[in-house]
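Let's take a walk through a protein together, one stop after another. Have a look at the fold first, and then read on.

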Amino acid sequence: MKKKALTAGILAASLLTAVPGTSSYADSAKWTNVNVYEEQDGSKFNSENYDFMKFSKVGSKLQEIAKQSNRVKVEIKGKSADGNPLYVVTIADPKAQGKFGKNKALRKQMFKNPQKAQDWIKQNPDFKVPVMINGSIHGTEFVGTDAVLQLIERFATKNDTETAKILDSSILIFNVVQNPDGRINATRFNGEGIDLNRDFITQSQPETQETVALIKEWNPMVFLDTHGYVKNYAPNKQGLIEPCTPPHNPNYEYDLYNKWANGQARAMESEILKNKGEYKGSLYQSMEGAYIPQRDDSAGWDDYPPIFTPMYAMYHGAYGHTLEAPTNDLDGVRWQYDAIMGALKYSVEHKQDMITDQIEVFKRGINFDHPFHEDGFFPHAYVLPVNEEDPTVTEKAVNHLLKNDIEVIKASKAFTAEGKTYPAGTYIVQMNQAKAGLANTMLWDGEDITNDTPAMYDISAWSLPELWGFEAVPVKTEVEVKGQAAKEADSSGSLAGNGPFLIPNSSVKAVELANSLLQKGITVKRDTQGNFYAQGPVKAIEAEVKKSGLNIETSSIPADAAALTKLKVAILKDGGMGKQQSHSGTKLALRRLGFEVTEVTPVEVSQKGLNDYDVFVYSGTESLISTNLSAANKEFGFQDASQYTAFQANLDSFVDQGGKYIAIGTGASRATKTLGLTDDDISFGGSNSNGIVQVDYTGEGVTAGYKADDIGFVYRPAWYSGEGAANDKVLATYNDSADFFLAGHWKNNSSAQGQPVIVQEKDKDVTLIGLEPGFRDHTDYLFRLLSNAIYQQ
């Protein structure tokens, strides 16, 4: 589900491969704890139960179908975080199977000569359009994949008029189970704890990367994303079909999308209602339609951030829809099946005009012609300068852009843009290109939309330059550059001199290099600015430096530099409270920084203590230390009050004996207050508040390498006040200006203006960070706050 969880749940057995409407309900199953070794038959996430296809059966079922049909191509396009196969099924009329290359060539023509592509389509009305259907990106929303499997079987084996008509006009691409880990483990998230339907701007996970590659490969005209479970959002309207409410991301060519998306949504709704008599449940028998947010509401289900799968697909010109089934049962499977059939029929009927307008998106980009945008909204180009010592951040950005079908030029000679000269080797993103909207949404700073809407569903700011830490200079005038199309940016690092070697506290890669050397037994020291100094065998150091991509030189070691030791870091594990793993982003950030991190559950801390660790990180919900948990959440927290008492005592002992405690975000800060490790007042913004803020860092200790008027990221923002905070060491504050909130959505943010956002307790090694430096593995620029906090003396 994309929005609120109304009912969520799981029980498993095997797939019903019959046509929708077949009745077969399993007996209620007992709950068994989730683990990675066996597929789960039950979950407290949902009270409903039906027989659904276990992932272990999917591969054999697809092969069984493929043996019966010459229309089907079954592929494994990669592996999930836990190593499970990612199945993709392509179905087309056999006569079209050998012409996939020609079809993809036409797609490329759309990006180079869109007018020619439009003309070709007019002259060749028998062309086939790619339609992509994404199965169950959330593991507990089983009905999507089950509907996909039924559709695969239909289009592979049936010969009725309707099936033939759709295959005569379409190539169907099924991403069968986009989250196999979640399906196996009965979780919403994947094996790394990441909600994949929040990962499409970061693309940190292999499942997301596979889907992005698939979208690039086919550039589908329509993209359908299967979810659950939404019911009773409006009287007698069951399920949800996008398009969305405002605000719409201004980087879309939204007029072209909206021209067809509303009609397609209504066609899906009509198909569901046409078959209402086939549904078994009373919820469905009385339904009068589906909830279509743009038609039925004014706010609350927006398509603003590009983190969701259909929203990301829209930047590739697709008509993207999230489809939220009402229930987790066979009726839910039928609902998805009918909705998808309605979308396919609509695509067949309108394909000529729909694809013409899809190509128009690319034409507008190439011609730098955006009629529904103010002049100047799109710059003519972005210039991406490269830091010679540490090019890794810019190179990561360039590679990310290239993987997203965005053209990047590498200058072969120096050039001048708006009075500033840039050297050869600088990267440029010219904005007269087909996917200009995607380029801009990735590279712009964002905007403050607080007053534009009462509520946002998820994040409202994500600027890659600011949150990944590279420079992207928007140029409002045309830029003349001599250069070549950039290819993968992956330069090898270099080492100069005989040491000691200075590793600047400049990036994730720099910290990772220092930690890798430390793990290999190299002497590493750190100064008060967070810079590292490596001393040891030059060949051993050089091997790691080359892998890092940094250019490292010899330097003397300051007198205040202290030797580092390998530290054992523990992070409090959220196994899935509220169907999320709230600690996962921070965990991944720490691992990318090169730390060995052990996840420990609240019960493990209460039973075993923390004597085996040097650092304890709490990053997640305050409910992890609650003694009043719901049945669905209790598995992941304390079973009784005595465990809380033991947890608190063991944590006190850990801190008293010199252990380092770090709290990240509002939930952890509030838990720290409850545990008695701080006497600060913990203030916080609403759960709908998030975005990029201006922060004044002191530049020492936890904030080494950061400066005044720098940036931070908040999600349910926190700040610290009261008599307790007056005795803290304040290391960062929100900037004391009325416009310190730079981009996102945060009502009543003035109360946080100038307030402390990173503090340390006076008498114990307890650090509170009100920012989200490891948010969803996205905020690379802020990761070093975590390494600084761990390594500070």
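Start with Gln238, which touches Val230, Lys231, Asn232, Leu283, Met287, Gly289, Ala290, Pro326 and Trp335, leaving aside residues up to four places away in sequence; contact here means heavy atoms within 4.5 Å. You are looking at a predicted model, where local features need pLDDT of at least 70, side-chain atom pairs count only at pLDDT 80 or more, and totals for chains, interfaces and linings use all residues. Residues are numbered from 1 along each chain as its sequence is written, and side-chain values use heavy atoms, with hydrogens and water left out.

Gln238 sits in strand 9, residues 237–241 (strands are DSSP runs of E, at least two residues, numbered from the N terminus). Gln238 is buried, with a relative accessible area of 2%; buried means under 20% relative accessible area, using a 1.4 Å probe and protein chains only.

Now find Glu324 in strand 13, residues 319–325. An unreviewed UniProt entry places the feature "active site" at Glu324; such annotations may be inferred rather than shown by experiment. Glu324 is buried too, with a relative accessible area of 0%.

Our last stop is strand 29, residues 615–619, where five of its five residues are buried. Val615, Val617 and Ser619 lie on one side, with Phe616 and Tyr618 on the other. Strand 29 pairs in the parallel sense with strand 27 (residues 569–572) over three bridges, and with strand 30 (residues 660–664), also parallel, over five bridges. Two strands pair if DSSP finds at least two bridges between them. Val615 is the bridge partner of Val569, while Tyr618 has Ala663 as its partner in strand 30.

Methods:
Helix = DSSP H or I, 4+ residues; strand = E, 2+ residues; numbered from the N terminus. Buried < 20%, exposed > 50% of the residue type's maximum accessible area, 1.4 Å probe, protein only.
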